[in-house]
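Below is a short walk through one protein structure. Please keep the sequence and the 3D view at hand while reading.

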Amino acid sequence: MLGQMMHRPLSTIEILRYGAETHTTSEIVSVRTEGDIHRYTYREAYHRVAQLAHALQKLGLKEGDRIATLAWNGYRHFELYYAIAGIGGVCHTINPRLSADQMIYITQHAEDKVLCVDLTFVPIVEALAEHFPNDMTYILMADRAHMPESRINFLCYEELAEGEPTEFDWVELAEDTASGLCYTSGTTGNPKGALYSHRSTVLHAYTVAISLGSVLKEGARVLPVVPLFHVNAWGLPYTAPLTGCSLIFPGSALDGKSLFDLMDREKVTSAWGVPTVWLGLQGEIAARGKNPDGFSSVIVGGSAAPRSMIENFEVSGVTVCHAWGMTEMSPIGTQGLLSAHEEEMLSQDEKLDMKALQGRRAFGVDLKIVDENGNALPHDGQAIGELYVRGNTIISGYYSNEEASDAAMDRDGWFGTGDVAYIDADGFLSIQDRAKDLIKSGGEWISSIDLENIVMAHPDVANCAVISVPHPKWDERPLLIVVPNGDKRVKKAEVDEMLLKQVAKWQLPDAIEFVEELPLTATGKVSKLTLRKSFKDYKLPDMK
């Protein structure tokens with residue numbers, strides 16, 4: 001028997017309408033590409049979104065059309081999220097750090113109808129436009145005063161929206177209608193698309209709001225350093241209006257000094273981003289001898305945060321929450337806030353150890369680890385296997401890519417993450433490594449993440465990475481690559497001494513190489529693929 005309840009389709013525009021009606025003083029503050037600061041409320045944003053929706057319809061856009069964005073974190077990008085999905089379109093966010101070939105591939109694969117561009121990225125569009133879909137319409141996200149001379153026939157964003165009605169009769173869409181499209185960074189092969197629905201996006205907003213309720217609350221001021229072009233800024237454009245948080249968008253300036261100044265001025269309470277960003281901010285905090293005014297929490301994800309980074313924040317009074325997820329998961333799958341009991345009963349070292357893990361599953365996300373035959377392994381903190389996930393916010397296949405979809409899903413419909421992990425009896429997930437980054441030496445596995453996290457605590461190490469290099473006897477051995485913190489270079493004996501307190505002797509790196517900087521992927525993670533290519537002919541000391 002079916003329950004006798006109304007069924008109202010979930011829709012992303014309803015999130016913004018709710019925020020506009022109930023969180024009337026919460027605001028969106030944006031560092032604009034024009035160089036100034038823009039601020040307005042969710043109510044004002046909602047009216048602007050209605051104007052933009054009218055303008056997009058006048059361009060002939062219809063349900064299912066893909067409308068791409070090439071833009072920083074700012075209020076116009078936020079408006080596009082809601083206006084595009086609100087008329088039944090699909091907001092396709094493009095990562096500007098992708099290679100030219102990848103950018104051409106995804107615009108063609110998505111069959112984008114429109115490309116909305118920030119001023120910064122005009123040169124990219126001019127260089128690649130002849131390779132984009134032939135019928136592409138280009139919109140420049142600026143006012144008339146800032147429209148540059150260009151061989152591209154850009155429409156002016158502000159002129160399109162100006163004069164349009166500030167109310168819109170939103171069409172009631174089926175909740176499984178596509179709303180967003182985000183492609184993986186494609187470190188191997190072509191990028192793969194995750195197509196989000198209104199239903200999955202709204203449910204993800206609920207999930208994040210519940211899981212991180214102590215951070216995302218009315219009156220909080222949240223800085224998404226994670227870009228809107230990277231998995232919807234981890235869902236913040238949807239969670240913030242739902243919970244009443246203000247959003248502080250940093251634009252293109254993501255260096256430590258710029259972030260510190262913005263956070264201090266706007267009294268940011270919580271900042272979200274990848275570890276490489278926080279290294280820069282922590283350097284600025286150390287230089288000034290204080291935290292930005294009001295700064296109390298940081299959400300870190302994208303790659304494992306070193307324990308030393310977590311400790312530096314925690315001792316200064318900033319609570320760290322380690323989160324984990326993937327583009328294919330909308331993206332948040334776990335979060336690492338400790339329970340009240342754990343906060344009260346555990347020692348500081350025990351808390352840091354737990355915060356270095358990837359946390360417990362978010363509501364609606366199921367986790368399992370399996371052996372090489374696909375058999376489920378116990379969640380006992382000992383068994384290690386490949387991590388699989390399922391849930392309402394996780395893809396059931398890649399967009400228009402049957403081969404990749406078949407390879408990603410197991411026979412029971414779970415998605416294979418490619419991570420190797422264990423889960424303990426309290427539900428805490430520990431990612432040991434990406435399957436492709438594990439080092440197999442003499443038939444035994446070495447976790448590059450474990451080694452990196454320990455070495456990062458050394459004061460002479462600004463950043464580091466561990467990769468495998470071929471070895472004739474052991475198959476693979478670990479090589480430590482270090483970015484020095486200043487002029488002093490850490491000695492291998494010092495590194496070995498640190499590591500031997502926590503790992504076996506056979507897991508020690510065979511050598512250290514020093515570099516000025518580590519290569520990053522399009523999403524700000526250390527590119528171990530690039531490092532492995534750079535060091536593919538490297539000879540370890542016992543091989544020379």
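What volume does the second largest cavity have? In this predicted model, the second largest cavity has a volume of about 50 Å³. The residues that line this cavity are Tyr196, Thr201, His204, Asn232, Gly235, Tyr238 and Ser330. Sorted by class, the lining of the second largest cavity has 2 nonpolar residues, 5 polar residues and no charged ones.

Several of these lining residues lead on to other parts of the chain. One of them is Ser330. Ser330 is joined to Pro331 by a cis peptide bond, with omega at about 10°. Pro331 itself sits in the loop that runs between strand S14 (319-325) and strand S15 (332-335).

How many residues of H9 are buried? The count is 8 of the 8 residues, so H9 is largely enclosed by the rest of the structure. After H9 comes Gly244, whose phi is positive, near 95°.

For comparison, most residues other than glycine have a negative phi, and most peptide bonds are trans.

The buried residues of H1 pack against helix H2 (42-58), helix H3 (75-86), helix H7 (198-211) and helix H9 (236-243). H1 spans residues 12-22, and its buried residues are Thr12, Ile13, Ile15, Leu16, Gly19 and Ala20. Where do these residues lie when H1 is seen down its axis? They fall within an arc of 155°, so they line one face of the helix.

H3, one of the helices that the buried residues of H1 pack against, holds Glu79. Glu79 has a relative accessible area of 0%, so this residue is buried. Which residues does Glu79 touch? Leaving out residues up to four places away in sequence, Glu79 touches Tyr40, Arg48, Val49, Leu52 and Tyr157. With Tyr157 there is a polar contact between the side chains, at 2.6 Å.

The lining of the largest cavity is made of 15 residues, and the closest to its centre are Arg32, Thr33, Gly74, Tyr75 and Asp118. Strand S1 (27-31) and H3 each supply at least two residues of this lining. Which element gives the most to the lining of the largest cavity? That element is H3, with 3 residues. By class, the lining of the largest cavity divides into 5 nonpolar, 6 polar and 4 charged residues.

The last stop is an open space, the second largest pocket. About 720 Å³ of space lies in the second largest pocket. Its lining comprises 28 residues, and those nearest its centre are Arg307, Asp450, Asn453, Ile454 and Gln502. Helix H12 (307-315), helix H14 (348-355), strand S20 (429-434) and helix H16 (448-455) each supply at least two residues of the lining. Of the elements, H16 gives the most to the lining of this pocket, with 5 residues. The classes in the lining of the second largest pocket are 13 nonpolar, 9 polar and 6 charged residues.

Methods. Residues are numbered from 1 along each chain as its sequence is written. This is a predicted model: local features need pLDDT of at least 70, side-chain atom pairs count only at pLDDT 80 or more; totals for chains, interfaces and linings use all residues. Side-chain values use heavy atoms; hydrogens and water are left out. Buried means under 20% relative accessible area, exposed over 50%, partly exposed in between (1.4 Å probe, protein chains only). Helices (H or I, at least four residues) and strands (E, at least two) are DSSP runs, numbered from the N terminus. The arc is that of the directions from the helix axis to the C-beta atoms. Contact means heavy atoms within 4.5 Å. On a 1 Å grid over the protein atoms alone, a cavity is a set of points where a 1.4 Å probe fits but cannot get out, and a pocket is an open set with protein on both sides within 12 Å along at least five of seven lines; lining residues have an atom within 4 Å of a point. Ala, Val, Leu, Ile, Met, Phe, Trp, Tyr, Cys and Pro count as nonpolar, Asp, Glu, Lys and Arg as charged, and the others, Gly among them, as polar. Grid points are joined across faces, edges and corners, and a volume is the space filled by probe spheres set on the points. A polar contact is a pair of N or O atoms within 3.5 Å; within protein, one must be able to donate a hydrogen and the other to accept it, and residues adjacent in sequence count only if both atoms are side-chain atoms.
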